[in-house]
Amino acid sequence: MNKIKTVVKFEVVRQLKKPSFWISLLLIPILMVGIIGLSALSGYMAESSAEEQLAKTSENVIAITDEAGVLADAVLNEAIIKVDSKDEGIEKVKKGEVGEYYYIPADFVETKKAEGYLKQTDDASLFSASSANLRNVLMASASTRVDAKDIVILTNSVNVDMTTFDESGEVSNLLGKAVIPIMVLGVFYILICVFGNRMLMAVVEEKENRISEMILTAVSSKELIIGKIISLILLGFLQMIVFLIPVLIAAFIYKDNPMISGVLSNIEFNPVTILANLALLVFSYFLFTGACTMVGAMVPTAREASQYVGIVMVGMVLPLMFISAVMSSEPNFMTYFLSYFPLSAPIAMMLRNAFGLLPWYEFVFGIIEIGIFSMLVTYVASKAFQKNAINFSVAKISLKSLGLKK
Amino acid sequence: MTFKILSCSCYNKRTMSEVSKNIITVKNFKIAFNKKTVIKDMSFEVKRGEIFGLLGSNGSGKTTTIRTLLGLYEPTAGELLINGERYTPEKATVGYLPEERGLYKKEKVIDTMVYFGELKGLKNPKEWSLKYLKRVGIADKADKKIETLSTGQQQKVQLGITIMGDPELLILDEPTKGFDPVNRKLLMDIIDELHQKGTTIIMITHYMDEVERLCDSALLLKNGVVHAYGSVKDIKKQFNGMSFDQIFVKVYGEDANE
């Protein structure tokens with residue numbers, strides 16, 4: 001046990017000391033924070049540029065010809081003036097006497113079409129701001145004739161909180177239920193992308209650097225591989241925690257956003273659901289670790305390992321390639337095959353679970369199946385590692401090379 | 001022709017009860033890989049405290065024998081015992097310097113040595129490692145990454161890892177390979193020092209002068225069987241007083257000519 005602890009300590013510490021580890025660990029969260037930050041910044045910039053634009057255009061005079069008679073006189077002032085004809089309005093724009101000119105034809109109410117004229121400027125957003133200006137003028141005009149309550153209705157700014165009931169008559173809360181499974185899926189996907197190669201390196205390193213023989217007289221191959229697997233799991237958990245930080249930051253930044261606050265308030269913190277999803281994530285990660293370890297145990301170098309691990313990766317992401325079959329509300333053979341084939345089961349189960357397509361009994365069965373396979377694969381991987389620890393060529397796959405037969 | 005000569009020379013400073021025991025007993029050892037038999041039949045003993053030379057041409061099965069002795073391979077038949085039982089790393093009584101040896105290239109010298117020291121159950125591996133590095137003249141490399149060391153310096157680190165924890169049995173597979181004469185002498189001094197302390201040493205080497213100078217007994221392995229085995233003195237007598245260089249050429253020269 002002490003030796004396993006020593007291996008775990010050594011493997012974890014040496015990974016933590018590598019800049020490449022921190023780059024891969026922080027890359028995705030930094031990217032996420034960056035995207036969130038940029039999106040927040042661009043939102044802020046858009047708001048301020050609209051204000052600036054308004055200030056800028058308000059210095060200019062808007063001329064309007066209203067043949068439809070929709071414009072209330074109350075909105076007319078020094079900045080919004082009426083002109084008698086379209087030709088006159090256009091001429092004023094050309095001469096720079098007004099900033100913008102709008103022609104509202106007689107059939108405007110039927111066609112809802114108006115024409116706008118302005119001089120070309122370097123500011124690309126000016127056109128959209130100008131068309132908005134007409135809408136604002138029309139809105140201001142309409143508001144002089146109708147009640148404030150009608151404005152709310154007419155401006156289509158009504159938010160409706162929808163409640164959906166499931167078959168049993170309970171509130172279904174699909175969105176709230178999907179948040180944790182989607183996070184589990186995201187974390188798992190990132191883990192397999194980030195850790196695949198690192199796992200192989202960890203398993204193959206002793207063979208590649210010819211350390212196996214020296215180390216195996218001090219520690220058994222079983223203790224060595226268990227130590228390595230535990231260290232990879234610990235590092236995986238670290239990745240999960242680091243991944244959650246930007247998610248929490250995003251939730252904090254956008255807590256006032258109606259959509260985000262709607263999602264946050266609807267998240268179901270049901271302990272059973274959380275534990276079941278965590279079990280699915282942990283067993284799936286075990287399965288992936290075991291499969292990578294098995295590949296690493298059978299080959300002599302990391303380069304060869306990365307060639308063979310492609311098979312594991314394809315198996316894992318197979319459900320994404322057949323996503324329509326996996327996400328079918330009426331499960332077919334492919335849905336079940338991908339859900340229960342050990343390698344593809346984790347992502348298939350996570351996808352179906354995230355979108356409410358996985359009945360509870362299938363979910364339970366899936367966790368048990370992935371759990372059993374993860375242990376089986378880890379056991380075989382540890383045996384294969386013991387058998388091939390000093391085999392410096394690619395082992396042929398057989399019960400003997402997997403350490404299952406003497 | 002196979003000679004079987006019993007060794008009588010042994011040197012040690014351990015207790016008398018231990019002296020009477022063999023540290024290694026190999027009986028009717030046979031091993032085959034994919035139907036190819038590497039060792040057909042091999043039996044020998046190594047007395048506690050002696051330096052034992054395991055000799056043979058390339059591919060004769062010396063390394064395979066050692067790997068099987070250390071439990072890295074399963075024998076097809078026979079018994080290979082250290083202190084009367086199959087070796088497992090839990091016992092941590094063996095220091096092994098394999099022929100195929102490497103280190104964690106990206107790690108610091110001291111970190112690697114401390115790691116191995118902890119695995120071998122050393123109480124203060126850092127202190128031991130620093131003392132050893134000073135002894136072999138590379139104390140200034142302790143905080144350097146292994147990949148920045150020269151081959152000779154790396155070999156010194158490997159030797160340090162092998163002898164740390166004061167192992168009861170030391171197995172050195174071509175220990176002086178790649179060493180310059182100065183470092184070779186340093187290594188020989190260390191081996192001699194350990195021998196004086198009572199450590200049993202098995203040496204696989206192609207330098208026959210080392211065998212004559214250091215070994216108490218030896219075994220010549222040929223075509224998967226023991227060709228000659230006994231004290232160095234007795235083996236020389238069997239070959240009419242030839243030097244080990246001459247014996248080696250006589251025994252394995254035919255193979256090279258084939």
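This is a predicted model: local features need pLDDT of at least 70, side-chain atom pairs count only at pLDDT 80 or more; totals for chains, interfaces and linings use all residues.
Residues are numbered from 1 along each chain as its sequence is written, and chains are lettered from A and ligands numbered from 1 in the order in which they are written.

View 1. Chain A contains 16 helices and four strands; helices (H or I, at least four residues) and strands (E, at least two) are DSSP runs, numbered from the N terminus. Of its 406 residues, 32% are buried, where a residue is buried if 20 or more other C-beta atoms, placed from the backbone, lie within 10 Å of its own, exposed if 12 or fewer, and partly exposed in between. The chain is divided into domain 1 (2-30 + 173-388) and domain 2 (50-154), with bounds that come from an automatic or database domain assignment. A distance of 58 Å separates the C-alpha centres of domain 1 and domain 2 of chain A. For contacts in chain A between residues at least 6 apart in sequence, 72% join residues at least 24 apart; two residues are in contact if their C-beta atoms, placed from the backbone, lie within 7 Å.

**View 2. The surroundings of A:F243.** A:F243 is placed in helix α9 (residues 221-253) of chain A. This residue counts as buried because it has 20 C-beta neighbours inside 10 Å. Leaving aside residues up to four places away in sequence, A:F243 touches A:I28, A:P29, A:V187 and A:I190.

**View 3. Helices α12 and α15 of chain A.** The axes of helix α12 (residues 302-321) and helix α15 (residues 345-354) of chain A come within 7 Å and cross at roughly 30°. Axes are lines fitted to C-alpha atoms, for helices over the stretch in contact, and angles run from 0 to 180 degrees between N-to-C directions. α12(A) and α15(A) are therefore roughly parallel to each other; angles under 35 degrees count as roughly parallel, over 145 as roughly antiparallel, 65 to 115 as roughly perpendicular and the rest as oblique. In the contact, A:M316, A:V317, A:P319 and A:L320 of α12(A) meet A:P346, A:I347, A:A348 and A:L351 of α15(A). By class, this contact has eight nonpolar, no polar and no charged residues; Ala, Val, Leu, Ile, Met, Phe, Trp, Tyr, Cys and Pro count as nonpolar, Asp, Glu, Lys and Arg as charged, and the others, Gly among them, as polar.

**View 4. The domains of chain B.** Chain B holds nine helices and nine strands, and 44% of its 258 residues count as buried. Its domain assignment gives domain 1 (1-93 + 169-258) and domain 2 (102-166). Between them, 10 residues of domain 1 of chain B are in contact with 10 residues of domain 2 of chain B. On the domain 1 side, helix α6 (residues 181-197) of chain B gives the most, with five residues. That side divides into seven nonpolar, two polar and one charged.

**View 5. Where chain B touches chain A.** In this interface, 23 residues of chain B are in contact with 16 residues of chain A. On the chain B side, β5 (94-97) and α3 (109-119) each supply at least two residues, and α3(B) gives the most, with four. The chain B side comprises 13 nonpolar, two polar and eight charged residues.

**View 6. Helices α3 and α4 of chain B.** The axes of α3(B) and helix α4 (residues 125-135) of chain B come within 9 Å and cross at roughly 125°. The two helices, α3(B) and α4(B), are therefore oblique to each other. Residues B:I110, B:M113, B:V114, B:G117 and B:E118 in α3(B) meet B:P125, B:K126, B:W128 and B:S129 in α4(B). These residues divide into five nonpolar, two polar and two charged.

**View 7. Helix α2 of chain B and the residue B:G71.** Helix α2 (residues 62-69) of chain B is mostly covered, with eight of its eight residues buried. Among the buried residues of α2(B) are B:K62, B:I66, B:R67 and B:L69. Just after α2(B), B:G71 takes a positive phi of about 80°.
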